[in-house]
Amino acid sequence: MNKVTVRVPATSANCGPGFDTLGLAVDLYNEATYEITDTKGFQLEVTGEGAEYLKPFGRNLAFASFLRVWNKVMDGKRIGLKVKMINRIPMSRGLGSSSSAIVAGLYAANCLCDNYYTRDELLNIATEIEGHPDNVAPAIYGGFTISYMENSEAHSLKLIPAKPLQFIAVVPDSKLPTVLARQAIPKTIPHGDAVYNASRASLLVGALASGNYEYLSMALDDKLHQPYRAHLIPGLYDVFAAAKAAGAYNAIISGAGSTVMAYAAPEADGEAIAKAMVATFAQQGEHACYHILHLDTQGVQAI
Ligand code: HSE
């Protein structure tokens, strides 16, 4: 086999209080076909997000991650590599586009190397590349994931929430580089805020596992990163309030932003929630589009 197509879900990390820990996969997908060619060098064709600036070179995550597995398993055997991407996940908006590129490359190479690595091993390689496990874990496993580091090793527990939810992702035009959003967070926080977050993150996991979604309005609150990032997403708390007023349980910054994601019951009017959030961003002069999404339970797949 010298060619494989993989499909990777978008992800939303942190889920409010679970900074660098919680994440979930949603049904918005990037697809990438990797083909080993006789012609040496890299070729890239991109349709959709990033088509204007993604380039075929070794530091592009889609190539670098593929080669990380290929070079290890195939002992550095020189190859040509052609990648065709269909990108639907917006870039630098907190929906895991870089994780999707990492996971696509690792998984595609692993498929072409007779599944040399397990998914758990791929999680560790992906975490090494990404720096933290909360986006790459749901991209690999699907579902809602609780990830943690132990002695530099990444681990993740996958959970499928007891009942369905709608995830309304409102994506502003303005990008927010993760590095900038991480710089905004202080090195230490008050003990009381740590207690606040421990209680909310625990409550969130409990609410999702038990189906007691009435707790979500409290459980999605956060004092660890969102207050420090709010100035980077003008109108953030008004957008949260608009989502709740329109029927969502609550809303959070998706990953490092700039997307704001509302969590709502399946019977809630997702369109109305999305439009209320978009209108609130518009009051700040920020144009935004939206996606009404559902949980992906499979993670990365070869298709
Ligand atoms: N946990 C990460 C953050 C997710 O919030 O910075 C984005 O990579």
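Visitor: Which helix does arginine 68 lie in?
Guide: This is a predicted model, in which local features need pLDDT of at least 70, side-chain atom pairs count only at pLDDT 80 or more, and totals for chains, interfaces and linings use all residues. Residues are numbered from 1 along each chain as its sequence is written, and side-chain values use heavy atoms, with hydrogens and water left out. Helices (H or I, at least four residues) and strands (E, at least two) are DSSP runs numbered from the N terminus. Arginine 68 lies in helix H1.

Visitor: What is the relative accessible area of arginine 68?
Guide: Buried means under 20% relative accessible area, exposed over 50%, and partly exposed in between, with a 1.4 Å probe and protein chains only. Arginine 68 falls in the partly exposed class because its value is 35%.

Visitor: How far apart in space are arginine 68 and alanine 126, C-alpha to C-alpha?
Guide: Along the sequence, 58 residues separate the two. In space, C-alpha to C-alpha, arginine 68 and alanine 126 are separated by 9.8 Å.

Visitor: Good to know! What arc around the axis do the buried residues of H10 cover?
Guide: The buried residues of H10 are Gly270, Ile273, Ala274, Met277, Val278, Thr280 and Phe281. They sit on the same side of H10, because the arc that they cover around the axis is only 160 degrees. That arc is taken from the directions from the helix axis to the C-beta atoms, and its value for H10 is 160 degrees.

Visitor: How much space lies in the largest pocket?
Guide: On a 1 Å grid over the protein atoms alone, a pocket is an open set of points where a 1.4 Å probe fits, with protein on both sides within 12 Å along at least five of seven lines; lining residues have an atom within 4 Å of a point. Grid points are joined across faces, edges and corners, and the volume is the space filled by probe spheres set on them. For the largest pocket, this comes to about 680 Å³.

Visitor: Which domains does the largest pocket lie between?
Guide: Domain bounds come from an automatic or database domain assignment. Both domains give residues to the lining, so the largest pocket lies between domain 1 (3–160 + 297–302) and domain 2 (166–293).

Visitor: And which helix gives the largest share of the lining of the largest pocket?
Guide: Several elements each supply at least two lining residues, including strand E2 (22–37) and helix H1 (61–73). The largest share, six residues, comes from H2.
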